[in-house]
Amino acid sequence: MEACVRGMCDKNVSPMLKEINRSSRKMSCNLNEDRISGLPDVILIHILSLLPSKDAANTIFIKRFYELWPFIHTLNFDQCMFQGHYCAYCGRASQASCPDYDERFLNFIRHVLLLNKSLNIGKFCLKFHFSLSHSFRQREAGRIDTSQYDFLRSEKRMANEICTWIRFALSKNLKVLDLFFSRHDTFRPQAYYDLPSCILNSPHLVELRLTFCKIDTKKKSELKSLTTLSLNEVMIMDQSMDFILSGCPMLEQLKLWFCYVQRRVILVNSTLKTLVLGIRRCQTLIHVSCPTLLSLEISGYVDVLDIANVPSIAEVSVNRNLIFDYSEYKDYQEMRILLQTITGVKSLKLSSWFGLVFSSWQLTNLPSPTFSCKTLHLQLDFVKWHLPGILNLLKHCPCLENLIIKITSYFVPTCQKTLSWSWSHPYKFDADEYWNMVDTPVQCLTQHLKTVEIAGLVMEKQVIQFLEYLLGHSMVLKKMKILAKKEIYGTNGPKYDKAHEYEERLMKAPKASAYAAVFLY
């Protein structure tokens, strides 16, 4: 009986195995099949356009792509990514007495543009080591040095050719233009590449990004479709900024990142939603009045900023990377005025410098602005003098629900930094006992704070004490997320893991909220 059953099973299994083998062979053949070549031309051209131009051009060796790559609609030329290019060499060559351009890279661009057959170009990106440093030196000297004539002619010829490339792209109804000219051979913005006027009169441009250029226009731009404008370290002459903005009726995103502006900047716009400002030292006043503005990021010398009429603003980030030195004659009143204009934001991000400003106001009993934000981001180079500022901020964010802190460094002021910490001498306190001395309830902790996220150099004694304070006083806290950069500390004796010790302290710390959970990563 058993033999009969076994025989029947073998008869049934054998056809199944044959069918499985047949399916496997068929699948293997399908895997080896070139399905990409069977795609429509339109899809293949789109795929090629997603590649860097040098990679797209290399497809000429594949029969199916040979006639397609000239139709790509994204042209991306990056000199530093070009095969065989060495940026460090380019930097040394630029310090020589004559311009030295990578002819292989230039010939590649010429070849691609010459063969391009696309009716429309979506994006043209050029990242190239170029400036007019020799021409600038001649203008600055007020005379023409005949020995430099060949160099001047070379610079002018190169500038004209770049203009030709840009005009070619614009003639194809260009949507996105990204120009990045490295300033490796000059720190004088007057020597930057002069932007052709045709760029500011292109009605099809939707996005314009410029780095290390010079803009000098005397008439209103015609950027009717432009929604994004990014100027990074651009030299803006006279009233050029006013002329540019007056011709951008659709502008929604504007970035002015540490540009060289010769005159007062007035940003009055009824469509702008995102504004990013990097402000140089000695910058003249910047006036902002944008009723539709939703997001504002400012960095640098923010003192010159005048903000008005921003009722819709929801997110603000303020960064000032300067040495903090408080004195009894300087109470940072201008910072208080600036912050007062953004008290209604939902999300506020402040740098380490502002943490010390709030500390000085707390220690000297000066008034601080009160915010209605629900999310507070702090980025701190942590020192004990941040503790009063953190407490002050918690007191003046009564509706706070989410607290996010990133600790980028942790240090004790050294003798070399004595001057910058001179303001703190009259207000010395015991950092280890600071949170134990807080005897008044903080409204956001008792009523609103739900999540805390802290990252970076967390495993330090004073940081752990602060987290223990939050756990012990946050009545509705639900989650504390800790992304710690753990370090193994050693002494003269056996090494021990201080991070593990602090982890245990946090897990065992008393919690004011029965629902609070601590997550360590």
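Is Phe 358 buried or exposed? Select Phe 358: at 0% relative accessibility, this residue counts as buried. Buried means under 20% relative accessible area, exposed means over 50%, and partly exposed lies in between (1.4 Å probe, protein chains only).

Before moving on, note that this is a predicted model, where local features need pLDDT of at least 70, side-chain atom pairs count only at pLDDT 80 or more, and totals for chains, interfaces and linings use all residues. Residues are numbered from 1 along each chain as its sequence is written, and side-chain values use heavy atoms, with hydrogens and water left out.

**Stop 1: ring pairs**

Rings of Phe, Tyr and Trp (its six-membered ring) pair if their centres lie within 6.5 Å; planes under 30 degrees apart count as stacked, over 60 as edge-to-face, and the rest as tilted. The count by this rule is 20 aromatic pairs.

Now colour by secondary structure. Helices (H or I, at least four residues) and strands (E, at least two) are DSSP runs, numbered from the N terminus. Phe 358 and Trp 361 are three residues apart in helix H10 (residues 352-363), about one helical turn. Trp 361 has 0% relative accessibility and counts as buried.

Next, select Tyr 434 and Trp 435. These two form an edge-to-face aromatic pair, 5.3 Å centre to centre with 85° between the planes. Tyr 434 is buried at 8% relative accessibility, and Trp 435 is buried at 6%.

**Stop 2: charges over rings**

A charge sits over a ring if NZ of Lys or CZ of Arg is within 6 Å of the ring centre and within 35 degrees of the ring normal. Select Lys 255 and Trp 257. The charged end of Lys 255 is over the Trp 257 ring, 5.4 Å from its centre. Then go to Lys 481 and Tyr 521. Here Lys 481 lies over the face of Tyr 521, 5.6 Å from the ring centre.

**Stop 3: salt bridges**

A salt bridge is a side-chain nitrogen of Lys or Arg within 4 Å of a carboxyl oxygen of Asp or Glu. By this rule there are 11 salt bridges.

Select Glu 233 and Arg 280. Their closest N and O atoms are 3.1 Å apart in a salt bridge. Glu 233 is in the loop between strand E7 (228-232) and strand E8 (235-236), and Arg 280 is in the loop between strand E12 (274-279) and strand E13 (286-289), so the pair ties together parts 47 residues apart in sequence. Glu 233 is buried, at 16% relative accessible area. Arg 280 is partly exposed, at 22%.

Move to Lys 461 and Asp 432. This salt bridge has its closest N and O atoms 3.4 Å apart. Lys 461 is in helix H13 (residues 461-473), while Asp 432 is in the loop between strand E19 (402-410) and helix H12 (443-447), 29 residues apart. Both residues are partly exposed: Lys 461 at 37% and Asp 432 at 31%.

Finish with Glu 103, Arg 110 and Glu 161. Salt bridges that share partners join these residues into one network. Between Arg 110 and Glu 103, the closest N and O atoms are 3.5 Å apart.
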